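Trainee: I am new to this structure and would like a close look at a single part of it, the place where the two chains meet. Could you take me through that part slowly, and then through whatever belongs with it?

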Amino acid sequence: MKVLVGVKRVVDYNVRVQVKPDGSGVATEGVKMSVNPFDEIAIEEALRMKSAGKADEVIAVSIGPQAAQEQLRTALAMGADRAILVETDQTLEPLTVARVFKALVDQEQPGLVILGKQAIDDDAGQTPQMLAALWDRPQATFASKVEIEGESAKVTREVDLGLETIEIDLPAVISADLRLNEPRYVKLPDIMKAKKKPIGTHTLEELGVEIAPALKPVKTEAPQARQGGHKVESVSELVAELKNKGLI
Amino acid sequence: MAKVLVIGEQLNGALSAATPKVVACAQALNPESIDVALFGAGDLAGAAEAAAKFAGVGKVLTVSNPANEHPLAAVLAPQIEALISEGGYTHVLASSSTTGKDVLPRVAAKLGVTQVTDIMAVHGANSFTRPTYAGNALVTVEVPEGQIVLGTVRGASWQAAEEGGSGAVESRELGVELPSHTRFVSQETSKSDRPDLQTAPKVVSGGRGVGSEENFKVIFSLADKLGAAVGASRAAVDAGYVPNEMQVGQTGKIIAPELYVAVGISGAIQHLAGIKDAGTIVAINKDEEAPIFEIADVGLVGDLFEVLPALEKELS
Ligand SMILES: Cc1cc2nc3c(=O)[nH]c(=O)nc-3n(C[C@H](O)[C@H](O)[C@H](O)COP(=O)(O)OP(=O)(O)OC[C@H]3O[C@@H](n4cnc5c(N)ncnc54)[C@H](O)[C@@H]3O)c2cc1C
Ligand SMILES: Nc1ncnc2c1ncn2[C@@H]1O[C@H](COP(=O)(O)O)[C@@H](O)[C@H]1O
């Protein structure tokens, strides 16, 4: 079974992003870029399936600028077998990204596609479900445990009420939540080895993907900053203040 | 004029607390009509009646079917699509609950549109504000003219809808074929008599600083004293101190209580994303440099194992 994993290049999760003063977006120049944290978890899960003999090949896919090769190299260094870059300088929305994945699914015929539950830049959380819809296949979102059992998989999902386990027939789409696994650290020799692994490139035109009508961003603004208050010196001061505010 | 379909949610026949907020967002569109759909396997009359009372609700459409006992996106999506095509809706709104987030993009893809995730504000029939970058950049987007709007509604940004309506309840049989490739197996929910984290006016949360599952009892004890719900940071959930449904933050629950008490939580941006709309934030942390103090309204530097018992004593 082939497993396709999504690797989105995003602003590193440790960066405090700055909104541009003209409201046109977020400043990304010179900012540290990384693999979307949920995608690292997706890659790790696919690699563990491979070591467990449940998968034969792990293919990392990124849709983005040429620089996204860096993130694909990280995926390869973690252990992915090969990578595909669908190169575009446009910022694509989830529906178009899902269409790209669908085109690659048609080419590669994977048994499983593992994506992150959300990209931490757009926080959209749509691509996995959209791919499942376009493919007419099952989806198991917010996965915290996956067991492949022959032609199907048992997936535990983190839902508002707690944990839910569902069974899905393969092929299918899974979206990774935080507690699915802890991604491995990449070691230097792996980075060297990864340099020899292939990255295939495509364009949207080659894949026959039409860009979906997009939401038009009109204005980006910083949220109203919370004013830090003050510190109290003692528990009784704290209680007095909360009483004062009518909170207790 | 807008014709809105709200995807309601119910649990054991009772309307979920998220739905009135979705209706409030629908009301903000000044629509011609609001219909609410409810899916389930049993008797939906109670939930339907509650939904019919919101101002502006025209019809509550109940779809009772054994296949809808548990909300599976692949099973719900074709039913929602059927309701959309027969109702001619211009807007379809669901909660940013795990159910809403699971199902709505599946419907959106079938309709060939991108969804507006986590609607915080409505500026007109096709203009909305939504959070990106863990809430650190708010984007106002416009949905292309003439395109159906699908959106999930960020509960913490909305008050429950006003009542005062008297909608009709209609039960629907949808003759759509449902897939069998996705099957419910089991569910694990920890039972608790404490207030619900998502709607409670007071919340006490513990972080990694609490140190263990055993130690978390100091958090539960303070919460009980205050009549508060209990939350946690990701680190506390990852370490197994408490179950996942208690996580607050970017990828956990986004809440807006009047009082939020963060105990042994450092204040990472991903955690703060979940509490930006809280009324008063109290932080108790032994590290005076902890970032949580930068945003807390009231901070107390100290060891939680000394502060919490003293606090409880003062409260009694
Ligand atoms: C993609 C992504 C999504 C994430 N989503 C979330 C999310 O939804 N929610 C979330 O919470 N996090 C989330 N995180 C994790 C987040 O970045 C932080 O790692 C996490 O919030 C830290 O939890 P913490 O504050 O409990 O632990 P720490 O950062 O370790 O802080 C523990 C604090 O406890 C204090 N302390 C220790 N002992 C005591 C004591 N005896 N008395 C008083 N204080 C004490 C320490 O001074 C310290 O400040 C996410 C991370 C990523 C990458
Ligand atoms: N440009 C992209 N390249 C690769 N994968 C992506 C891209 N955009 C989204 N994805 C995948 O879809 C997941 C959810 O993204 P989103 O729907 O944008 O929140 C991400 O975690 C990725 O796995």
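Mentor: Across the interface of chain B and chain A, in what is a predicted model, the rule finds 8 salt bridges. One salt bridge joins Arg16(A) to Glu294(B), where the closest N and O atoms are 3.9 Å apart; for a pair to be counted in this way, a side-chain nitrogen of Lys or Arg has to lie within 4 Å of a carboxyl oxygen of Asp or Glu. As a general point, side chains of opposite charge can pair when their charged atoms come close.

Polar contacts between chain B and chain A have also been counted, and they come to 46 residue pairs, with both residues at pLDDT 80 or more. On the side of chain B that touches chain A, the element that gives the most is helix H4 (residues 98-111) of chain B, with 8 residues. That side of chain B divides by class into 39 nonpolar, 25 polar and 21 charged residues. Taken as a whole, the interface brings 85 residues of chain B into contact with 78 residues of chain A, and the two chains bury about 6,900 Å² between them, of which 55% is on carbon and sulfur atoms.

Looking at individual atoms, you will find an oxygen atom of ligand 1 at 3.0 Å from a backbone N or O atom of Gly264(B), an oxygen atom of ligand 1 at 3.4 Å from a polar backbone atom of Gly252(B), and a nitrogen atom of ligand 1 at 3.2 Å from a polar side-chain atom of Asp303(B). On its own, ligand 1 has 990 Å² of accessible area, and the protein covers 85% of it.

Now turn to ligand 2, which is surrounded by 21 residues, the closest being Asp39(A), Ile63(A), Ala119(A), Gly125(A) and Thr127(A). The side chain of Asp39(A) has an N or O atom 2.5 Å from an oxygen atom of ligand 2, while Ile63(A) places a backbone N or O atom 2.7 Å from a nitrogen atom of ligand 2, and Gly116(A) has a backbone N or O atom 2.9 Å from an oxygen atom of ligand 2. The protein covers 98% of the 480 Å² of accessible area that ligand 2 has on its own. Two or more residues of the shell around ligand 2 come from each of strand S4 (57-64), helix H3 (94-108), strand S6 (112-116) and helix H4 (127-135) of chain A, and by class the shell has 10 nonpolar, 8 polar and 3 charged residues.

To return to salt bridges, the count over all chains comes to 31. Within chain A, the side chains of Lys8(A) and Asp122(A) meet in a salt bridge, at 3.5 Å from N to O. This pair links distant parts of the chain, with Lys8(A) in the loop between strand S1 (2-6) and strand S2 (9-11) and Asp122(A) in the loop between S6 and H4 of chain A, 114 residues apart.

Methods: Residues numbered from 1 in each chain as written. Chains lettered and ligands numbered in written order. Predicted model: local features only at pLDDT ≥ 70, side-chain atom pairs only at ≥ 80, totals over all residues. Heavy atoms only, no water. Near = heavy atom within 4 Å. Polar contact = N/O pair within 3.5 Å; in protein donor to acceptor, adjacent residues only side chain to side chain. Areas by Shrake-Rupley, 256 points an atom, 1.4 Å probe, with all protein chains shown as cover. Helix = DSSP H or I, 4+ residues; strand = E, 2+ residues; numbered from the N terminus. Nonpolar A, V, L, I, M, F, W, Y, C, P; charged D, E, K, R; others polar. Contact = heavy atoms within 4.5 Å. Buried area = accessible area lost by both parts, 1.4 Å probe.
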